[in-house]
Amino acid sequence: MKTLRERVALITGAGRRGGIGEAVARKLASAGATVVIADLCAPPPTDVPHPGIGQWEELQSIAADIEALGVPALPLQVDVTDAASIQAMLAKLLLAYDRIDILVNNAGAIFGPSPVMQMAENAWRRTLEVNATGVFLVSKAVAPIMVKGGRGGRIVNMSSLAAIRPRPYMAAYAASKAAVAALTQSMAQEMAQFGVTVNAVLPGDIDTGMKQWGYQLEAQIMQRPYEEVVAAGVARIPTGRLGLPDDVASVVAFLASDEAAFQTGQLINVSGGRELA
Ligand code: NAI
């Protein structure tokens with residue numbers, strides 16, 4: 001059913017093949033939404049290790065695949081840490097469609113995971129900047145557009161299970177995702193009067209480029225085979241498998257729909273029960 005027909009959805013961090021952003025964009029598009037997919041498309045300004053960045057050609061080809069589903073898909077460059085870059089992206093989006101109904105703050109990254117005692121200051125700052133400040137800046141810019149439109153809206157933020165179950169070496173990432181959870185719950189209360197819901201999804205271990213990079217790093221540090229590290233990760237998940245980007249996209253699509261009108265300020269785990277183990 002095309003339940004999102006005539007809605008315009010903006011999904012950040014959707015420029016990597018096999019990522020959660022791509023899956024969300026496809027899911028919303030298959031429900032009839034026009035999708036605007038945005039990504040950094042440039043190297044991040046840091047020399048600390050990170051899981052990789054979506055590139056322009058990749059973003060364009062994802063948009064082309066989505067258009068084949070029969071809905072418009074607009075690829076745009078954005079740096080979510082830069083208010084001017086966000087404004088430039090929104091100007092192009094509004095010129096094309098003149099509205100935003102759904103915002104999925106999906107862009108995120110991990111920089112230089114390590115024990116706090118050795119963590120580069122730059123790794124901490126950059127992680128907080130992309131994951132927490134990025135969600136703040138994009139939400140701050142998009143929310144007034146939703147209010148002005150007078151049709152309400154949906155904001156879905158990508159937090160992480162790390163926000164409630166922080167693991168060693170991941171202090172910056174966990175802190176940034178806990179910030180996203182808190183921001184979600186504050187903003188939900190502010191936006192309810194405008195018919196805008198604000199919820200967060202907390203994915204567990206989802207099989208994407210970012211997760212594979214994390215396992216590779218762990219294998220390197222622990223001097224264990226990659227397959228062994230992945231198997232140990234899977235063993236901690238009651239459902240016995242890694243999550244798929246589509247598992248997350250299904251929950252996002254629900255939160256973005258009319259069906260979820262009474263859901264706001266909620267933090268929803270998508271983890272295969274990982275936090276229970
Ligand atoms: P991914 O690396 O495929 O997606 C992250 C995207 O964010 C990339 O396309 C990257 O280019 C983009 N990005 C990074 N910095 C940016 C910036 N400054 N401006 C604009 N875009 C930027 O990884 P994945 O796994 O699909 O992650 C998507 C979201 O889900 C992230 O927020 C991540 O933290 C979160 N998440 C992922 C989990 C997993 O197990 N894969 C678990 C929990 C949360």
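Helices α4 (121–149), α5 (171–191) and α6 (209–222) each supply at least two residues of the shell around the ligand. Helices (H or I, at least four residues) and strands (E, at least two) are DSSP runs, numbered from the N terminus. The model is predicted: local features need pLDDT of at least 70, side-chain atom pairs count only at pLDDT 80 or more, and totals for chains, interfaces and linings use all residues. Residues are numbered from 1 along each chain as its sequence is written, and side-chain values use heavy atoms, with hydrogens and water left out.

**Exercise 1.** Find which residues come nearest to the ligand, and sort the shell by residue class.

*Solution.* 
- Start with the shell. A residue is near if one of its heavy atoms lies within 4 Å of the molecule.
- There are 29 residues around the ligand, and Ile20, Asp39, Gly54, Tyr173 and Thr208 come nearest.
- Now sort. The shell holds twelve nonpolar, ten polar and seven charged residues.
- The classes: Ala, Val, Leu, Ile, Met, Phe, Trp, Tyr, Cys and Pro are nonpolar; Asp, Glu, Lys and Arg are charged; the others, Gly among them, are polar.

**Exercise 2.** Which residues of α1 are buried, and what do they pack against?

*Solution.* 
- Buried means under 20% relative accessible area, exposed over 50%, partly exposed in between (1.4 Å probe, protein chains only).
- In α1 (residues 20–30), eight of eleven residues are buried. Among them are Ile20, Glu22, Val24 and Leu28.
- Check contacts (heavy atoms within 4.5 Å). The buried residues pack against elements including β1 (8–12), β2 (34–39) and α8 (245–256).
- After α1 comes Gly32, with a positive phi near 105°.

**Exercise 3.** Place Tyr169 in the chain and give its phi.

*Solution.* 
- Most residues other than glycine have a negative phi.
- Tyr169 is not a glycine, yet its phi is positive, about 75°.
- Tyr169 sits in the loop between β5 (153–158) and α5.
- Tyr169 is partly exposed, at 44% relative accessible area.
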